[in-house]
Structures are given as C-alpha cells and as structure tokens.
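Time to look a few things up and jot down what turns up.

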Amino acid sequence: MPKVHVQTRINGEEIDFLCETRQSLLEILRDELGLTGTKEGCSNGNCGACSVLLDGVLVDSCLVLAVETAGKDVSTIEGLATPSQLHPLQQKFLEHAALQCGICTPGFIMAAKALLAKNPKPTEHEVRYWLAGNLCRCTGYDKIIRAVLDAAAVMEKA
Amino acid sequence: MQAFDYIAAQTLDEAVSLLAAKGDQARVLAGGTDLIVQLREGRRRLELVVDVKKIPDVNVLSYDTRNGLTLGAAVPCHRVYGDVTIARAYPGLMDAFTLVGGTQIQGRASVGGNLCNSSPAADTIPTLIAHQATCVIAGPGGRRELPVEQFCTAPGRNVLGNGEFLVALRLPAPGPRFGARYLRFIPRNEMDIAVVGVGSALTLGDDGATVTAARIALGAVAPTPLLVNEAGAALVGKPISDATIAQAAAAAQAAARPISDMRGTADQRRHLVGVLTRRTLQGAIARARGETVSHA
Amino acid sequence: MAEATAEYKVIGTRPIRPDGADKVTGRAIYGGDMRLTGMLHGKVLRSPHAHARIKSINTAKAEALPGVKAVVTAQDFPVAEDRIANLGEMAVNVKLLSNNVIAVDKVLYKGHALAAVAATSSHIAEEALGLIEVEYEVLPAVLNVLDAMKEEAPLLHEHLTTTELGQKTDKRSNIANHMRFTLGDPAQGFRDADIVIERDFDTATVHQGYIEPHNATALWNEDGHLYLWTSTQGAFVVQRQTAEILGLSVSKVSVTPCEIGGGFGGKIAVYLEPVAAVLSRKSGRPVKLIMSRIEEFEATGPTPASHIKVKMGVKKDGQIVAAEASLMYEAGAFPGSPVGAGCMCIFSPYAIPNMQVDGYDVVVNKPKTAAYRAPGATNAAFASETVIDELAEKLGLDPLDMRRLNGAKEGDRRVDGPTFPRIGYMETVHAALEHEHYASPLHGPNRGRGVASGFWFNVGFQSTVVINVNADGTVSLVEGSTDIGGTRASIAMQAAETLGIPYEDVRPTVAGTDGIGFTDVTGGSRTTFATGYAAHEASLDVLRQMKERLARRWDSEVEKEFEGQAERASVQITPDDVLYASGVFKCAKDPSKTMTFKDVSAQMARMGGPITGRATSQPRGIGGAFATHIVDVEVDPETGKVAILRYTAIQDVGRAIHPSYAEGQIQGGAVQGIGWALNEEYVYNTTGNMANTSFLDYRMPTTLDLPMIDTVLVEVPNPGHPYGVRGVGEVPIVPPVAAVANAIYRATGKRMTQAPMSPGYILSKLNE
C-alpha cells in the first residue's frame, strides 16, 4: 500500500510527511518526525501521556490517524517554551516538584495548557475534572494540581 | 494494526456508495476513539475506513426553541457542551456528554459515534432515549428516520444496513417544566465504562407536581440500551412522590436483564438500577422545577 | 520555598532538579525515544495459554514476510544452566531467569514469551507474529495460591521440590519454599492472653502501573560487543543478567540507562534486553522493542496475590503478648515471591515478645512476580493492621494509643532476629496523635476515620561516585543511580553541602556501566541514602586532595622562610593543619595563609594536575522506615463506593535532603496504596486469561478520585548516615490498604478481609 503525503502544521511550522493510513499521529510524531516529547503509555486513550492539541482541542494522539491531520494545527510539548524561557506551566511544574519520573509530564502540561486557555481561573475541582484523563503513578497528583493552580495565577497576572 | 484504505468522503452520496460497495469491510470514521482502538487490538478487520468529517451534514449543530436540536453524527462531545445555549437547554444530555471517556476523548468522540458503536453500556444512549431523540439515516435507499431506542439491536450491532450510516440526531426542544438527568455508576469518578447507566426525563404539569410525561432508559443491563415503558407509566398522571418514584425504580429493575462480568455482578447491577432510577428522577424533578443540578 | 536550616546551607532547601528543563520540554530521552541508524522494530510472540507444552514452532512464514529481518526462539539462546548466579545485590537462578525471558519447552502463563521478530516497522513485526505457527499441548492451569498448595494440584515444574524450613526436600510441589521465623514462645503467649483474635485475609494481584512501558534497544556489534539502551532501575543488573543469559562476559556488555518513566521495582529484572540482543545479532542491525500495555499486564512482574492468616493475643492492659501469621504468596510462574520480606515486616512496628511467622512461596500459572515498592509488606500490613484495629476496639482503646502502647523502639527485636537501632516509629505515632487531622471532627453518616502503621527495612547495597573538579570551581558528579524521582538533585545537594559550594555548582550525571563503577539498583529506598553517602565520601576525597596540595604548597613556603633553622620542624604544615569551612581553606598554624575552593580549582594544573574525588559505599547503618497514616472516608451505602475525604501520611524520613521529593515519594506511595485498597486487581477468567489488561479496567486512581495528600516529615536522624538520611521511597505504600479498611469499618460497621475493597465487595458486605 503506498504511503500518503500529508501536509500539516506542527508547533507553527509547515511540516509534511509520508505515512501509512494505519499510523497514528503519535507514531508519526515519535518515529518519523523525531518529536519524542509526546509519550506512549497505553495506546488506547486511557492514560493521556500522548496528549497534544489538534486545532487547539486537547486530544490523545494515539487515537488520531496521522492522515486525519492534513491541513490542521498540531501543538506538542516541544512548542511550548521559547528559546530563552520556559512556559509558566513548565516553570511551576519544576518549582512544585510536580514531576518525579517525568513520563506523564508533557501530557499533563499540554492538558493543563488547554484547560487554562478555556478557563483561566479554574477551581481545584475543575482542574481535577479536566485532568482525569491523564494518569500519573509517581506523584499522587497533589503537586501537579498545585502547580497548575499556581501557573493559572501567574498567567492571569501577566 | 492491519493495513486499510482511507478515504475522506466529501458528500453524503459519496460516503453511501463507498460503504455500500464494501459492506462489512468498510466502516465510518468520525472521532475514532472506538474504531481505532478496535483496529489496533484486532477486534475488527476492515479494508476501508470512510472518514465522514468533511461532510457538512454530519457536522451540523443547531438548536432553536421550536425545532429543537439537530446534532450531526460526527460532532464531537466538546463542541456540544461548549455551546452555551445548547448546554443550558439540555443539561440532561450534558450529564452524559461531559463524562464520555475523559477530556481528551471528548475532544474527538462524537455522540453519533457513541450510538453507532452500540455498546450496551454507552453513556449517551439512555439519555438520548429519555429525550426522545430520532436517528436520521442515509443509505442507498435514501433517507429514513427511526426513534433512537430502536437503533441498537444487540451488543455492538444496530439497524444500519449495507451502505447506511447515521447522519444526525434530532431532539425535540424541551417544553416547559421538562427535566432530565443521566447518572451512571462507575468504581472511579471518571474514565470507566458504566456498570449501570440510567437516563430519566419527565415533564410536570402546571401544578408542578403531576407528571404528564416520563421516559426512563437503562444502560449496561441488557444486550441493548433499554427504554422501560412500565417505569415511565408508573409516574404518569399522578403527583410525583417517593412512592411513585419507588414504583418506577422497581419497574426499571424488573425490566433489567443484567449479566455478571468483570465490571459487576448481575445482582449488583439490578440493585444499582433501582438506586440510579431514583436518583435520576430526583434530579429530573429538580430541573423540571427550575433548579440547577450540577453534572458531576 | 524552604529556607536552609541553621545547620545546613543546602540540605533542606528545595532547588529545581538539574534535569528539570529537559523533562518539562520533552527533550529528555527515555528508552522508548531511542533512535539508531538502521534500527529495526521488534515484537514478541506470547503464549495464549496459561499452561502448555510447546510441541513445535514453525517460523518459516514469518521469516518470509517482506520487511522481516530476523525471527528468534529459545533455539537462538544458549541453554541456561540450573545454577545460582550472584549478580551483585541478588542471587538468581539463571535457568529460571532465562526461561522467563524466553520459554523453552513449556509456557507457564498467558503472555509467556516464546519467539520474537525484528522488522522494518512495528506493524510488519506484528503481522509477522501472526505467521508464526505454534503447536501447543494445553495443560491444566492452577490460578490461585490455595489451589496450588493442594496435594492434587497440577505441577508447574518437573524438578521443583519444597525447601522446608531451610532444608531441600524431594517432595515435588508448587510450594517452592516454606520458611518460618520464631521469637519467644507463642503458645505460652496465647495462653497468657486475655483476648485472642484470628482472621483470614485475601489480596489480589496488583501491578506497579508505571506509565512508561518496558523497552530495550540493542546493538550487537560486528566485533561481538553488545550495547544496550533501556529504561531500567539498574544498568548493572541489566548488564549482569543479560550477560548470564547470553553466556557473555560482562566486559562485552555495555548498558546505557535512559531516563525511566517509573519502575517501583518492576524494572529491575530483564525481560526484553536479551531478546533485543539476539534479534540484533541475527539481523545485524540495532533492534528496539517496546511492550504494549497488554504485555505489561500479562508478561512483566506484578505483585503477589495472597492469602494471609493472622492471630494476635493481648492482655487487658493493651500489651500484645503473642502474634502468629501465615503468609501464602503467589510467586507466579517461577519461585521468588517477596513472602520473606512480608514475614519480616508484618509485626515489625510492634514490640511483641512471642511471635511465629510462616511464609509460603507458591508457584501458579501467572506472570512471575517482581518487586512492587516495599514488596510483600503491603499485603501483610493489611492483615496485621486490621487485626490490631479490631483488638484496640475490643479493648476500648484508641487505635493510635494501641500503637503507642506497643510500638517498637531502639533495642526491640524483629521476628527475623535483628534488633532495631535508633528508629522513629514512636515519633510517627505521636505526630499522628497530635495532628490536627486526628483531632478534627468527622461529621456525617457513612463516614469513618482509619489509621494504620507500616515498616520497611530499606537497604544499603553498593554505589560508586566520582567527582571531577572544574577549573572554575564547579564540579561534575558522576553516579550510577538512574533518576526516577529527583535523586540527581538529592545526591548533588549532599555533595554541595560537603564541598561547601552552591548546589548550582554541582552538575550531576547518571552514567552507565562504561562510565561509573558498580552501582546497585535505584530501589530499596537506597538511592538518596547510599549514593548520597558515596557522594559525601567522594566530596571528602576532593577536599582531602585539596588539603594535601595546600599543605605541600604552604609547607614549601614555610620551608623557604625557615630554611636551615631549628624551628623548621615545629612549623611544618601537614594536611591536618589545613581547615576548611564555607568555601575557604585556612592554615591552622598561620591564618594569613588561606585559599578559596575556587582558587585551588583554578590552579589545579599548577598544583599537581586534575582533581578527581572518588568513593564507593556499602553502608551498613540503614535506618528502617516507619509510617503512620490517617484517612477519612465516606461510603455510599447504596452503591458501596468509597470516597477518600482526607489523607495524612506521617513518616520518619531521618533527614529530608530535598523536602519536596521526600513529600513526593510519600504522596505517590500513599496513592498507589489507595488504588490497591479500592479498585486495583487482576481479574482472571477460568482459563487463566487476565480479563482487564488495560488502564480502562485496571483502575488506578485519577486526579478526580483523590484529595490533596498531606504529609508530615518526622525527622529522627539516622546515625548510620552522615546527614541522617533514612530511605523514604517504599514504606508509604505499606499502611494505606489497612488504613482505608479500618476507615471503612468505622463508616459501615463491616470489617474488610479482602483487597481490593471494590464497590461490589463492599455492597455484598453491607447486605450480609
């Protein structure tokens, strides 16, 4: 089966790639494009480690076929920091020690980014509800929730 | 994953003819949150995936107080609850749409897809039934419509024939003193498949007490989601009370045909039908009386 | 941010971890991110049967599929010898280890590996698996510890006989080992008791649930050298186990540990590495394997399901006078469950004069169990802490007072023999009694508060650290402990404290087997303790060398001044005369002679060359860890569902080097325990298939299932460590299951004797 040529935009850059129809966006990001910041945890939409934004909407990239991204905007963890500065979410995750092994962290940060874009002043319950699709096994979530709430406060002031 | 062809159909007719040509070797792709998992795990084998997201008809999302809601089959959950007017008009639907799978799943999964996947435990179907939704189906023979409670026929199976696919769901506008509520029982607080789901809807008369219409539908306790006419009938024409609610719950329990599986035993499920019928009715009544009941 | 205490400048603060930016930007390379030129993707063929003889394997069709570059079976591996190899921190039977990696003539659990493919894409590799033809003779499976112990049970292994109380017998059985620990005279103790309670408990198989699947990338070079990249808790374990299985000298195996996405004990033994290596040798190309989540559940190392009996006797005044337990643990397909550790921990929070604990290590047709954070102790504590709660109630005592009356202190003996050194258990009980959580009222129906304690030994084991001084006065610290939870920071902090330089001036690197001396696993709550110890010692070595240089220089200055004079001998400057504090060296005999750490560094080349400090550690003064947890729950009586309202975890941490990471270990372990308590379990059907092989139905807690987890770091410094460190990582998972069970009892009046305490189980108890 011949591969499909897909043109898309990833982190603001025009990118094109070849893919099989059966390859997920996650596979293309990691295996073809070298964007390994997005992680694979379960491949069936139950852990959120592969979270990215697709046209600004939070999705599991393991459940998007790469061919479906033609003409769309994809945002991954690699697009968050500027050359000189971490995004407030990234900074707060570090300050609050909201990561231990770090494998779930890109997924959580992308999910939190989507939340704060929609709801800049979430309550603790709203944060927990939004992030229920992201599993962490190391932290027990306490410091993650605190980091997101603190980042929200910082971003609101800016 | 097995290899398959992928075509993004541009029109209804194109989708119909692609599906008709391939029969059970082709399937519609909307959100993909069920289909992609099934393909990856080898639970479904296909030659062709027909992406319908470019077809305007399946992306319609419109509401007005006269014509009610038209919900295109490919509209993802987040678009529906993100529409402030629709969310305010149909809280009983939003109860379900905000808990399908988790935020990431809701970013892709569509209500139409949830219906077409036809799991007995699907979260959206009991509440669609309670809201008297109608399915709009396109096929080689043209369009047809049928009530949503007739759509599923067995676990994972539905009435769609060769070449047919779901275009949209239509729901009547809620009338005055209408209230609906969906609740499910799961062991955690999100992400789980419903052990039992109940969608209840009712309308109160001018006195704010007599039930003039009621529909109660069950999920995960039969081979398909179940509209329990006897449960609704137990309420209609009488003032709502703990006694009538108990009767409705008992009727729902009697109609349930649950199995025991890794998510729950039959006894547990039957018991939960009674509990959730009562709780959803209480929530529906509160909403019918104009109170706000939060989703979670 | 915490301020440094008056005692320390760096220890006790909360700096940003050195690998932080890499991890929050996605740049850090985990094993699954590895890419090598020409790399192939591998997949493993796994048994569909829980117990079967392999009659034949035909790989011809798979080999012929375009894109497939190699197919391997046990035939491509050396025949493993039935002998014990001492691989550093643990002894393993090479044959059993190898047979788990790849089955030879029998498959012993669903998911047992028996062949593997390397191909140009993972999809092609997967298709190739479907083309491998295997003929099985299906055998009856045994799926439960009590069934496996019966006389008539099907036997998994031809040659497995029971080791009975230390003696090898010739009784063929699924019981690999029966051990017993005794102290005092339990029979007399029970006769002396006023109240005796005896209870049985069952716990289900539970998985560590790390989010990153196992992975391995191998390159078998044309010159016969094997390179491995893997996410592991111990590069040296991978090196040694792989070398043993493949019949190689360790000098031929280089392991680079990638960043690791969680381990909790489950990423120590090898699964994929030898397979990747053999595929690489056969194909002539690098090969990467990554497990799917289904493979993780079916074919890695969960923790044992168990049946536990506990009997305890108390006097009316609350003193526990006798305790007995029988722990029957499922080892999985091969012997080696952590039942021994369970035996040694079960009563350890208490000073009990008469005890007997029996442990049974039993094989069943399930994946071979591996360590899961304080392995064996959580199951045991569920049983013992529930019985203690019941005894307290019968005596009319507050459950924490019960623990205060009986709590272990320095000098008390464990059932397995050792006496406790300075420990902090009583301090955790007092902290719990005095905590605002315990004092706060819990109003409302269906609510209850439970407490439980726990113990874990922790280990010391071996670490190596090298510190290289840079000309600008900063240092590079090289260590071999993979960083799962922030230990680069805690190790660097200890070096910075000892060296008297800022934390930011220490750059830690985790090296693999080619780059650092032998270092045992990141596990056993040992990393901040033992590798930190080595970092401290290596720092002292740096200072020692600097002092020697300064002594030589200053003495030669004095030599010039006093040349030929009588006083020369008395003004001689030796290294003992060089004092160091806060970054400055000073000569005790002449305070005008000083030099900063930075200046000594800048002048290294002129003063003798590079300075490299080194140390190896194998510390003996391990502080055991104790924890006491308090939890408030609400039970929905109509559904059996439990909500965790409030949780406080109190633990003696010795000294918290980086308090945020110590808190994080406690919070993470407590939440794993909550999941174990409420919903996590392997659900098996009657043929030995795990039904819930995904995160959908293997239900770990989500953000929405929990409140904040409050922690109290009690600091009773461990005299066995220069900074008082006690390992913190494991004991947090020991109390939660029992604490939740005791809380559910107070909310419902029903005792829980089964874990998980899922809604269906609780509902059935409520309806009893």
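Here are my entries, starting with the ground rules.

**Ground rules.** I'm working with a predicted model, where local features need pLDDT of at least 70, side-chain atom pairs count only at pLDDT 80 or more, and totals for chains, interfaces and linings use all residues. Residues are numbered from 1 along each chain as its sequence is written, while chains are lettered from A and ligands numbered from 1 in the order in which they are written.

**Chain B, overall.** I found eleven helices and 14 strands in chain B (DSSP runs numbered from the N terminus: H or I of at least four residues for helices, E of at least two for strands). The radius of gyration of chain B, 19 Å, is close to the 19 Å that the globule rule gives for 296 residues, so chain B is as compact as a globular protein of that length. That radius is taken over C-alpha atoms, and the rule is 2.2 Å times the number of residues to the power 0.38. I also noted that the C-alpha trace spans about 55 × 45 × 35 Å along its principal axes.

**Burial.** In chain B, 56% of the 296 residues are buried, i.e. 20 or more other C-beta atoms, placed from the backbone, lie within 10 Å of the residue's own.

**Domains.** Chain B splits into domain 1 (5-51), domain 2 (56-171) and domain 3 (178-288), with bounds from an automatic or database domain assignment. I looked up the C-alpha centres of domain 1 and domain 3 of chain B: they lie 34 Å apart.

**Chain C, one helix.** Helix 11 of chain C (residues 377-395) is mostly covered, with 15 of its 19 residues buried.

Key:
A residue is buried if 20 or more other C-beta atoms lie within 10 Å of its own, exposed if 12 or fewer, and partly exposed in between; C-beta atoms are placed from the backbone.
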